[in-house]
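Trainee: I would like a close look at a single part of this model, followed by how the rest is put together.

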Amino acid sequence: MNWSWFHRLASPPHVYALAARLTPWFAWPAAVAIIAGLWGGLVLAPPDYQQGDGFRIIYVHAPSAWMSLMVYVTMAVSAAVGLVWRIKVAHAVAASCAPIGASFTFAALVTGALWGQPMWGTYWQWDPRLTSELVLLFLYLGYMGLRAGIEDPQRADRASAVLAVVGVVNVPIIHYSVTWWNSLHQAPSVMRLAKPAMPLAMLLPLLLMLLGFTLFFVALLLVRLRGEVLARERAASWIREVVSA
Amino acid sequence: MRAFFDMGGYAAFVWPAYAVTLAVVLLNIFWAYRALERSRTEARRRLQVQGERR
Amino acid sequence: MSRPEGTVAQAFRAVGEPTAPGTAAGFAVSMPRAGALEAARLALLRDLQLAFRKRGQLVQPLAFFAMVTLLFPLAISPELARLRELAPGVLWVGALLGSLLALEFLFRDDAHDGTLEQYALSGQSLTALMFAKTFAHWLLTGLPLALMAPIAALSLGVATAALPGILLSVAVGTVALSLIGSIGAALTLGIKRSGALLSLLTLPLSLPVLIFGARATQLAIHGESLLAPLELLAALAVLGITLAPLASAAAVRISLE
C-alpha cells in the first residue's frame, strides 16, 4: 500500500494546493445537501403533533450543535497530532477550526433559546444540553484567547494544543457533571420530539442538513487552512509562486 | 404560501432561528476568505521584505 | 546514616536570596541524583519557605473569601434561613474565585528569576516538580480556604453539625482546583495581564468541581450523607493528580521555549 499520499499531507505546499483543489468538491455538495434539507424540512415534512411547525427549528439547531462538538473534537485531535508529531499543518488545521466552531456554538445557543421560548415558555433553560453548549463556547473563547495572547506563533500553536487536549478530555466530564446536576433538581423535561422514532419525512431532511453542514465545515476548513499554512511558512519559493498568482 | 411563512404561529421563533444560522453560515464564508486574503497579502509583504534585504 | 544535611542546607541557603540569579542553579546543583521524590520535596519546601517570607500575601485569598462571603448577605438578604439555602453556592464561588486569585502567583516569581527554567533544565522530572509546586499552592491557599469555609458557613446560618462535611468537601475540592488551575497558569506564563484569560481558561474546567462540591455542601447542610458527591470530588482530585502535573509540565516547557 502506497502511503506517500498520507505523508504528503504534512507538506505545506502540497496541502495548500490540495486544499484549493478540493474546496469546490465540498462546497457544492454542501450547498446541494443544505438546500435539499431545507426544502425537506421546511416544506415537505409534516408538522409535529406536539410542537406544530415550531419543531422545524431543529433543522438549524441540531446541525449547529453537531458542528460545535464535531469541530471541537477535530480541533483537539489535530492539535494533539501537531503536538506529538510536531507537524505544522496539523496546528494549522486546529487554528482554522476554532472560529468556525465558536460561531456555530453561538448559533446553537441562539437557536436553542429560540426553540425554548415557545416550547418551555422561557428563552433560557439550564438543561444539560444548553448548559454544556454554553461551557463549550467558553472553551472555544479560551482557546482563541490563549492563541491571541501568545505572540510567538509556534508557542501559540503548542500552548493552545495543550489546552485543546485538556479541554477535550474535560468535555465528557463537564457534560456528565452538568447532567448529574440537572437530574438532581428535577428540571422540566428536555424538549424532545415526543415520538420515539422520527418519521422518515422528518428524519431525512435532518440527516441531509447534518451532512450538508459537515461538508460545509470541510470546505470552510480548507479555505482557512490555506491561509494558516501560508502564515506558518517563512521560507519559500513555493510561496512566491502561489502568492503572485 | 401564507401558511408557510406563518409556521403555525411560531413564525417569530422559527424565522429568526433560520436567519441567525444563515448569518453565521455567510459570516463564516466571508471570514474564511478574508483570512485567506490577509495571509496572502502578509506573505507577499514578507517576501518583499526578504527580497529587499538581499 | 547521616541525613543529606549539606544538600538541604545548600538548598535552603539558595532559598535565602530568592531573586538573586544563580539561586536556582544552586538548587539544581545541590541535588545531583536526588531522584524525583527528593527533588519534589525540596521544591515544596522552597515554595513554602518563600511564601512564609511574605506572610502578608498568604492572607490575601482568605481575606478575599471573607469579603465575598460578606457580599452575598448584603446583596440579597440578612435572613439566615435564606442564606442557609444559598450557602453552598456562596461558599464554593468564593473558594473558586479565591483559589483563582492565588493562581497567578503560582509560577510568576519562579518564571521571573529563572528558577522555572532551571527546574526544566535540571534533568529532574518536571512533572514531579509541578506536582510539588501545585501541592504547595494548595497548602498555602486551598487548605486555608477549607479551614475558613466552616466559619464562613456559620455566618450564613449553617448549623454546626454540617461544618465537618463542609471542611472536608472544600478541602478535597480545592485540591482539584489547584491542579486544574496549574495548567492554566502554566499556559499563560509570560502573557502580560493574564488574569482574565487565566480565569477564562480555568473556570470551565473547574465546573465539575463546583457542581459536585456545592452538592456535597448542600447535603451536609441538610444533614444527609454527602458520600456520593464527595467520592466524585475525590475522583476528580485523583484524576487531577495523575494528569494535571503532566499537562503543566508540558505547558511550562512550551512557555520556556
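Predicted model: local features only at pLDDT ≥ 70, side-chain atom pairs only at ≥ 80, totals over all residues.

Mentor: Residues are numbered from 1 along each chain as its sequence is written, and chains are lettered from A and ligands numbered from 1 in the order in which they are written.

H2(A) bends by about 35° at Leu22(A), and the proline Pro24(A) follows within four residues. The bend at a residue is the angle between axes fitted to the seven residues ending there and the seven starting there. Helices are DSSP runs of H or I with at least four residues, numbered from the N terminus. H2 of chain A covers residues 12–44, 33 residues in total, and reaches 45 Å from its first C-alpha to its last, close to the 48 Å expected at 1.5 Å a residue. That expected span is 1.5 Å times one less than the number of residues. Among the buried residues of H2(A) are Pro12(A), Val15(A), Tyr16(A), Ala19(A) and Ile34(A), along with the glycines Gly37(A), Gly40(A) and Gly41(A). Buried means that 20 or more other C-beta atoms, placed from the backbone, lie within 10 Å of the residue's own.

Elsewhere in chain A, Leu130(A) sits in helix H5, residues 128–149. Leu130(A) counts as buried because it has 20 C-beta neighbours inside 10 Å. Leaving aside residues up to four places away in sequence, Leu130(A) touches Leu109(A), Gly112(A) and Gln125(A); a contact requires C-beta atoms, placed from the backbone, within 7 Å.

Turning to the chains together, 2 pairs are in contact, and chains A and B share the most contacts. Chain B and chain C have no contact, their closest C-alpha atoms lying 24 Å apart. The contact of chain C with chain A takes 21 residues from each of them. On the chain C side, helices H8 (163–187), H9 (195–221) and H10 (227–256) each give two or more residues, and H9(C) gives the most, with 10 residues.

The largest nonpolar core has 160 residues, and Leu233(C) is one of those that touch the most other members. Such a core is a set of buried Ala, Val, Leu, Ile, Met, Phe, Trp, Tyr and Cys residues joined through C-beta atoms within 7 Å.

Notes
Buried ≥ 20, exposed ≤ 12 C-beta atoms within 10 Å, placed from the backbone.
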